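Here is a short briefing on selected local features of one model. Please keep the structure in view while reading.

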Amino acid sequence: MGDVAARFAEIVGDTNLLAGEAIPEDYAHDEALTAAPQQPAYLAKPGSAEEVAELLKAAAEFGVPVTARGSGTGLSGAARPSADGMVISFERMNAILEIDAENHVAVVQPGVTLSELDEKAAKAGLGYTVYPGELSASVGGNVGTNAGGMRAVKYGVTRHNVVGLQAVLPTGEIIRTGGKTSKVSTGYDLTQLIIGSEGTLAIATEVIVKLYPRLPHGATVLAPFETFDEVMTVVPKIISTGLAPHILEYIDNLTLAAISYNEKLSLGVPDSIRDTAQAYLVVALENRDNDRLHADIEELGGMLGELGAMDVYVLEGNSARKLIEAREKAFWTAKSVGADDVIDVVVPRSAMPEFLRKTREMALSRESGALGCGHAGDGNVHLAIFCKDPNKRKQLLTDIFALGMELGGAISGEHGLGTTKSGYFLELEDPAKIALMRRIKESFDPAGILNPGVLFRERA
């Protein structure tokens with residue numbers, strides 16, 4: 001270990017290389033509920049792409065597995081290191097290199113957090129639109145998992161908002177993909193291949209993201225419904241109106257009660273409705289003109305009433321902000337009340353009613369619970385799973401994931417597979433696709449040093 005540590009320290013400097021027990025416990029895990037912490041052997045904090053390249057070349061030489069880490073807010077175990085491995089933390093590579101207002105892009109290092117980018121872009125009247133629910137998340141981490149969030153219904157997920165990368169291959173080469181252009185049709189799209197690869201193909205050291213004009217006026221509508229099916233029937237009709245909501249969420253009654261209690265949120269919903277509503281729809285609209293916004297809200301409210309909403313509550317300013325913030329903290333609420341796992345299956349919007357109904361039936365048949373909320377506008381269902389027995393929970397999750405895939409969806413819409421869902425992926429996915437992915441992995445990473453436990457680890 002001494003020779004290996006000395007080589008890594010030579011690259012990043014003695015103060016930026018920790019080994020063994022000197023590494024703080026926080027680097028042993030991300031926020032996944034089912035991935036036990038694993039202390040790495042080394043922690044390196046590079047200051048440049050060149051240092052990352054040298055670290056990877058040395059790691060390949062010594063056979064040391066490498067896990068890239070941003071803020072550690074992921075929910076799949078993808079930032080959980082190997083016992084004999086090295087964590088490369090990007091806390092020193094956290095500069096916003098450029099806000100290019102003419103091309104509507106920002107160039108940032110991977111350690112930049114979403115809150116830092118938002119603050120800097122706001123000064124130019126612009127904003128980055130990917131909000132996965134945790135503003136302390138890093139841009140580099142979002143690239144790794146292809147993070148999404150509530151605003152994906154209008155603006156898309158990370159891969160729709162990243163136009164270029166500087167990345168280091170595990171063999172030590174530094175490459176650039178894409179750029180400040182809005183389109184490219186020249187060879188393979190390596191930018192999109194690296195996005196969502198969960199640190200298994202390359203490590204992003206610079207990211208070019210799209211920026212959008214900030215719209216000054218916004219309002220949020222909360223509409224309770226007696227059944228889940230009514231909520232899901234309304235969603236495509238809202239989208240077809242052309243109102244273009246930037247948030248379109250459903251929240252089940254128990255989850256809304258829990259987040260309201262945790263966040264001390266008062267929404268003005270009377271007991272008579274709160275006791276009978278099974279689900280709520282949250283719709284947020286924005287506009288550059290306040291009169292147009294209010295006209296849109298009026299149209300939306302009328303339509304919701306005609307489609308069965310028990311009532312319609314229009315929230316503006318602080319009230320709207322608090323509701324959205326509370327929804328973004330749903331994971332922490334689920335964790336605080338003892339959820340055993342959190343999943344994010346994605347299905348076609350039209351399949352959401354069937355998926356939710358059958359998922360609840362599966363959970364009840366096993367004396368378990370599957371509660372939550374989700375991005376109704378894009379079919380991404382977030383469920384907190386309450387099932388203490390690990391064997392029973394494993395079978396329940398297998399059945400839920402299989403159902404999602406049968407309905408035309410996928411195991412994860414935005415959290416990624418990491419180490420916690422890779423076994424289900426290997427069991428349920430088309431073997432030909434998995435074999436192709438393995439060949440891609442081997443071509444990028446012949447030594448197999450980048451996140452070797454992610455995607456292709458067999459389930460225990």
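The model is predicted.

- Helix H15 covers residues 390-406, which is 17 residues.
- At 1.5 Å a residue, H15 should span 24 Å, and its end C-alpha atoms are 24 Å apart, so the two values agree.
- Buried positions in H15 include Arg393, Leu396, Leu397, Thr398 and Ile400.
- Phe401, Ala402, Leu403 and Gly404 are also among the buried residues of H15.
- At the start of H15, Asp389 places a side-chain oxygen within 2.9 Å of the backbone nitrogen of Asn391.
- Gly408 follows H15 and has a positive phi, near 95 degrees.

**Arg176 in strand S9**

- Arg176 lies in strand S9, residues 174-178.
- Its relative accessibility is 53%, so Arg176 counts as exposed; the cut-off is over 50%.
- Beyond its neighbours within four places in sequence, Arg176 contacts Leu165, Gln166 and Glu206.
- The side chains of Arg176 and Glu206 are joined by a polar contact of 3.0 Å.
- Leu117 is 59 residues from Arg176 in sequence, and their C-alpha atoms are 21 Å apart.

**A nonpolar surface patch**

- Tyr188, Leu190 and Leu193 make a nonpolar surface patch of about 340 Å².
- Leu190 sits in helix H7, residues 190-194.
- Leu190 is partly exposed, at 32% relative accessible area.

Technical notes: Residues are numbered from 1 along each chain as its sequence is written. This is a predicted model: local features need pLDDT of at least 70, side-chain atom pairs count only at pLDDT 80 or more; totals for chains, interfaces and linings use all residues. Side-chain values use heavy atoms; hydrogens and water are left out. Helices (H or I, at least four residues) and strands (E, at least two) are DSSP runs, numbered from the N terminus. The expected span of a helix is 1.5 Å times one less than its number of residues. Buried means under 20% relative accessible area, exposed over 50%, partly exposed in between (1.4 Å probe, protein chains only). A polar contact is a pair of N or O atoms within 3.5 Å; within protein, one must be able to donate a hydrogen and the other to accept it, and residues adjacent in sequence count only if both atoms are side-chain atoms. Patches are made of residues with over 30% relative accessible area and no salt bridge: like charges are joined within 9 Å, nonpolar side chains (Val, Leu, Ile, Met, Phe, Trp, Tyr) within 5 Å. Accessible areas come from the Shrake-Rupley method with a 1.4 Å probe; for residues, only the protein chains shown count as cover. A salt bridge is a side-chain nitrogen of Lys or Arg within 4 Å of a carboxyl oxygen of Asp or Glu. Contact means heavy atoms within 4.5 Å.
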